[in-house]
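This briefing covers a pocket and a set of annotated positions. Please view the sequence and structure shown here before reading on.

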Amino acid sequence: MAVDLLLGLQWGDEGKGKIVDVLTSKYDIIARFQGGPNAGHTLEFDGIKHVLHTIPSGIFHKNALNLVGNGVVIDPVIFQKELKNLDKFKLDYVSKLLLSKKAHIILPTHRLLDAASETSKGKAKIGSTLKGIGPTYMDKTGRNGLRLGELEMPDWKEKYRNLANKHESMIAFYDVDIQYNLKELEAEFFEAIESLKKLPFIDSEAYLQQAQAEQKTILAEGAQGSLLDIDFGTYPFVTSSNTTAAGACTGLGVAPNQINEVYGIFKAYTTRVGSGPFPTELFDETGEKMAKIGNEFGATTGRGRRCGWLDLVALKYAVQVNGVTQLMMMKADVLSGFKTLKICTAYKYKGEEITHFPYNVDKKYVEPIYTEMQGWDEDLMQMTSKEEFPENLNKYIDFIEKELATPIKIVSVGPDRTQTIER
């Protein structure tokens with residue numbers, strides 16, 4: 001049985017958590033393939049909002065197994081807090097949640113290194129979430145990292161100490177004022193490790209191969225967005241992992257020819273958290289209105305998101321890099337009430353009009369070229385079928401589909417799982 005894949009096509013915060021939650025009833029296994037607690041996947045149902053950081057978004061469904069793959073980095077302290085938040089729902093997560101032995105562990109000193117590195121950059125900072133993600137992936141590629149499987153070995157604490165000591169010397173090198181009490185941080189860390197060890201650690205690639213042989217349905221869940229990919233994103237203002245479709249193969253041990261549907265999630269407009277270029281960003285009342293209506297604050301950091309018009313140049317690039325087969329448009333309801341909508345269909349790049357995503361999209365080089373469309377006033381949040389969509393929304397959707405040559409199968413008209421309309 002082939003694996004379906006769901007990922008974000010912008011700079012993250014597209015609404016992946018909600019769509020995974022909506023789709024989970026169709027799948028036996030939900031498998032997270034990259035990132036760490038820098039992700040914030042928000043789910044809303046029964047009048048309650050839930051934010052997950054590392055745990056896959058299918059955890060609230062009774063029959064789905066949830067797997068944290070080898071491409072993910074895990075902070076035991078944050079993971080323990082996530083588990084405690086699930087306790088009030090009386091979920092049997094010990095039998096529903098599986099962890100790859102090859103997933104890397106975020107140490108307390110990884111977070112301290114992250115803070116020291118970001119502080120040292122001053123105004124050139126990249127907007128890190130300061131969760132220790134970057135330093136953990138650096139240790140992974142530097143072949144120094146500590147993996148979950150090590151926790152089953154008798155000498156894991158010795159390996160931990162050697163790595164933590166190395167980190168402390170690196171923190172001192174940055175020569176910035178980072179105040180910390182490592183003994184306190186370690187006490188919390190070691191307690192969380194014991195909590196983590198109550199969950200099943202598995203050889204996840206073998207588990208998924210067996211699941212495929214048994215015709216189990218599998219959905220791979222990505223974090224962040226394609227424009228934050230370490231290779232294909234707006235470098236250096238990116239995350240530390242491969243957020244694109246290729247990352248699902250390396251982050252789960254799934255062969256490329258086993259990927260079937262690729263679901264691409266995007267907002268009806270564009271947002272970005274933290275630093276980095278953003279060609280269609282709005283600095284006026286329109287941008288403020290989008291942010292207010294869309295409640296654009298990061299689920300992990302709480303930082304306000306920058307808002308702008310839909311960028312089809314960037315979106316087409318993400319569709320092509322990922323091989324997207326179906327699109328899902330989120331937050332269409334936020335655009336209700338805008339008299340005129342703009343869609344970026346090309347860039348003026350160094351004086352020349354282009355329609356591809358160039359090497360550098362800094363505002364010094366790129367000026368968006370817009371197509372204008374009429375907006376709609378109708379409140380979409382109460383709508384339950386595509387037949388109720390206003391004409392101008394249909395025109396907006398049709399225009400995007402034509403430009404991207406990919407069908408938009410789902411339109412989200414509100415945060416709740418019920419506010420999801422199939423086309």
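The lining of the second largest pocket in this predicted model consists of ten nonpolar, three polar and two charged residues. Here Ala, Val, Leu, Ile, Met, Phe, Trp, Tyr, Cys and Pro are nonpolar, Asp, Glu, Lys and Arg are charged, and the others, Gly among them, are polar. Local features need pLDDT of at least 70 and side-chain atom pairs count only at pLDDT 80 or more, while totals for chains, interfaces and linings use all residues. Residues are numbered from 1 along each chain as its sequence is written, and side-chain values use heavy atoms, without hydrogens and water.

**Second largest pocket**
- Its volume is about 320 Å³.
- Of the 15 lining residues, Gly-233, Thr-234, Tyr-235, Tyr-359 and Asn-360 are the closest to the pocket centre.
- Domain 1 (3-102 + 201-263) and domain 3 (266-422) each contribute at least three residues to the lining.

**Annotated positions**
- UniProt, in an unreviewed entry, lists Asp-13, His-41 and Lys-140 under "active site".
- These positions span 128 residues in sequence and their farthest two C-alpha atoms are 25.7 Å apart, so they do not all gather at one spot.

**Asp-13**
- Asp-13 is in the loop between strand E1 (3-8) and helix H1 (16-23).
- Its relative accessibility of 25% makes Asp-13 partly exposed (between buried, under 20%, and exposed, over 50%; 1.4 Å probe, protein chains only).
- Beyond residues up to four places away in sequence, Asp-13 touches Lys-267, Thr-271, Val-273 and Arg-305 (contact: heavy atoms within 4.5 Å).

**His-41**
- His-41 belongs to strand E3 (residues 41-45) and is buried, at 6% relative accessible area.
- Neighbours within four places aside, its contacts include Lys-16, His-50, Ser-57 and Glu-221.

Definitions and conventions
1 Å grid on protein atoms, 1.4 Å probe; cavity = no way out; pocket = protein on both sides within 12 Å on 5 of 7 lines; lining within 4 Å. Points joined across faces, edges and corners; volume = space filled by probe spheres on them. Domains from an automatic or database assignment. UniProt positions renumbered as here; feature names shortened; annotations may be inferred. Helix = DSSP H or I, 4+ residues; strand = E, 2+ residues; numbered from the N terminus.
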